Amino acid sequence: MMNKRVYIKTVGCQMNVLDSEMVIADLRRHGYTVVESPNDADCLLYNTCSVREHAEEKIYSALGKIRTQKERHPEKLIGVMGCMAQKDQEIVFKRAPFVDMVVGPGQLHAIPGLIDKVRAGEGRQMAVSLSRNEGSQAVIARSHETFDPLRDPSMRPTPFQAYLRIQIGCDKFCTYCVVPNTRGPEQGRLPEQIIAEARTLADQGCREITLLGQTVNSYKFRHDDGAVTDMAALLEQLHPIDGIERIKFVTNYPKDMTERLLRTIGELPKVSPYLHVPAQSGSDDVLRRMKRGYTIADYMEMFERIEHWLPEASVSSDFIVGFSGETEDEFQKTIKLVERCRFKNSFIFQYSVRPGTKAAERLPDDVPREVKARRNNELLAVQDAISKEDNYKFIGQTVRVLVEGLSKKASKDPEAHVVQMTGRTHCDRIVVFDGNRRQAGEFLDIQIDDVSCHTLVGRVRTVDVVTIGDVS
Ligand code: SAH
Ligand code: SF4
Ligand code: F3S
């Protein structure tokens, strides 16, 4: 259809991947088709992230690259959506004057209408309201329920895995973090809507759902009668849904990893014993400057609680190195924490000042770039060595894997019968093995022969042949 070919580029976290899925679902309902190349599109959308400066630079540079295209074809509509749209607002128009539309994460449902307005000659459009509606949590939640239920299976990472938002926004205001500014206040979604959406996903063939929230384990919903559904209760309600075989959730906040939640995870076999619980730093002083709301003693207490209730669990973390005032001694405390907890893996980031945050206003960005880079490498080396050492324990073992598809190294030859496939264990470990494309979406038992720090390598375990007469 004329004017209705849309291209979308998505950067940032899983929230953005999910938002893009829903924007595309919405646009398809309005008659749009998705194209893979900006050259073929009438409408180009950029779903953006502001968490670090680098993420923003990537988008401004992608926008720079389409500038000449836009000059040649002024009718091509260019939209910037997501967290950077929210944070930069008018600045997007200043830095990239050819952009037609700026839409924040709270206004994505408005996109089809805004495109029509631009096309009708009403000029640039901007929608960035994040205001909280008045009323009880149920009233507020219902007012948000126009958008999330839109789903588009074709936009998912795989047809049998889907994200499901259970919480919007964040109220924690860690001093370095832009997310509360871009995503607005924390709000739990209505449990019945979450359950209904999970059922829809199961009907569409999803076998694994990943529940999303910035502090997902803090999820709480206060009903009009005063009753509260917390994360543990929500997991109990999701667990019986037929077709869903694995339930994961990210990202966890250390302070809310309660015994009740851990016990519930242990009792529900579909819930993955995989917990991403970012520590951010191993130093109490740094944690205080970050306003994370816990000490290392609190974190260790939580960690021991996990080990007690979920001895098989894998735990992963995020760290920021080179945060304002971080001394060598404080950094070494982070190394110690990683050595004590032996995380499955850690995502390590160099501190990036974010305008509008408390740290940007009050704390100097005083750790030199080279020091940040060196600490990043040092921490990564420690974590990688631990990951690899722990992975060795899997050699000779058999693990159950949900096969996701071709591995990055897989042969591109469509005729090839045997190709390298990739999948994940219940504990979120990546497993590659020689198989075939039809195995995608299946659960398979893989015997592990070799490991690296991020991957287990194995082969499909075949059923042992039992000779008749040998059935002892
Ligand atoms: N809500 C999640 C994470 C959100 S952002 C949580 O609270 O854990 C993902 C990760 O980016 C964070 O865990 C943090 O490690 C990193 N991050 C956030 N702001 C950053 C900044 N200004 N500079 C560098 N890394 C940052
Ligand atoms: Fe950012 Fe902290 Fe909220 Fe996570 S908990 S999104 S790091 S403010
Ligand atoms: Fe980025 Fe927004 Fe996610 S800032 S990390 S896309 S919530």
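Some ground rules. This is a predicted model, where local features need pLDDT of at least 70, side-chain atom pairs count only at pLDDT 80 or more, and totals for chains, interfaces and linings use all residues. Residues are numbered from 1 along each chain as its sequence is written, chains are lettered from A and ligands numbered from 1 in the order in which they are written, and side-chain values use heavy atoms, with hydrogens and water left out.

Domains first. The chain is divided into domain 1 (5-127), domain 2 (137-388) and domain 3 (395-460). Those bounds come from an automatic or database domain assignment. Between the C-alpha centres of domain 1 and domain 3 there are 35 Å.

Now the sheets. Strands and helices here are DSSP runs, numbered from the N terminus: helices are H or I with at least four residues, strands are E with at least two. Two strands pair if DSSP finds at least two bridges between them. As a reminder, strands of a sheet pair through backbone hydrogen bonds, either parallel or antiparallel.

Start with the open sheet of six strands. Its order is S2-S1-S3-S4-S5-S6, and the pairing is parallel. Strand S2 (33-34) and strand S6 (125-127) stand at the edges with a single partner strand each, so one side of each has no neighbour in the sheet. Look at the S6 end. Strand S5 (residues 101-103) runs parallel to S6, and three bridges join them. There, valine 103 stands opposite alanine 127.

Next, an open sheet of three strands. The order is S7-S10-S13, again with parallel pairing. Which strands stand at the edges? They are strand S7 (161-165) and strand S13 (246-250); each has a single partner strand, so one side of each is left without a neighbour in the sheet. From one strand to the next, the twist averages 25°. That angle uses axes fitted as lines to C-alpha atoms, for helices over the stretch in contact, and runs from 0 to 180 degrees between N-to-C directions. S7 pairs with strand S10 (residues 208-212) over five bridges, in the parallel sense. Alanine 162 has isoleucine 209 of S10 as its bridge partner.

Strand S18 (residues 419-425) and strand S19 (residues 430-435) run antiparallel, joined by six bridges. Methionine 421 has phenylalanine 433 in S19 as bridge partner. S18 and S19 form a hairpin with four residues between them. In the turn, aspartate 428 has a positive phi of about 75°. S19 also pairs with strand S21 (residues 455-460), this time parallel, over four bridges.

On to the ligands. A residue counts as near a molecule if one of its heavy atoms lies within 4 Å of it. How many residues surround ligand 1? There are 15, and the closest are Tyr176, Gln214, Gln280, Asp318 and Ser352. For classes, Ala, Val, Leu, Ile, Met, Phe, Trp, Tyr, Cys and Pro count as nonpolar, Asp, Glu, Lys and Arg as charged, and the others, Gly among them, as polar. By that scheme, the ligand 1 shell has six nonpolar, five polar and four charged residues. Strand S15 (314-321) and strand S16 (346-350) each supply at least two of the shell residues.

Polar contacts next: pairs of N or O atoms within 3.5 Å; within protein, one must be able to donate a hydrogen and the other to accept it, and residues adjacent in sequence count only if both atoms are side-chain atoms. A side-chain N or O atom of arginine 52 is 3.1 Å from an oxygen atom of ligand 1. For tyrosine 176, a backbone N or O atom lies 3.1 Å from a nitrogen atom of the ligand. For glutamine 280, a polar side-chain atom lies 2.7 Å from a ligand oxygen atom. Taken alone, ligand 1 exposes 540 Å², and the protein buries 90% of that. Areas come from the Shrake-Rupley method with a 1.4 Å probe; for residues, only the protein chains shown count as cover.

Ligand 2 has Tyr176 and Gln214 around it, along with residues including Cys170, Cys174 and Cys177. Its shell divides into seven nonpolar, two polar and two charged residues. Around ligand 3 are Cys13, Asn16, Cys49, Ser50, Val51, Cys83, Arg183 and Gln214.

Last, two backbone details. The peptide bond from valine 250 to threonine 251 is cis, with omega near -5°. Threonine 251 sits in the loop between S13 and helix H10 (259-267). Glutamine 89 is not a glycine, yet has a positive phi of about 45°.
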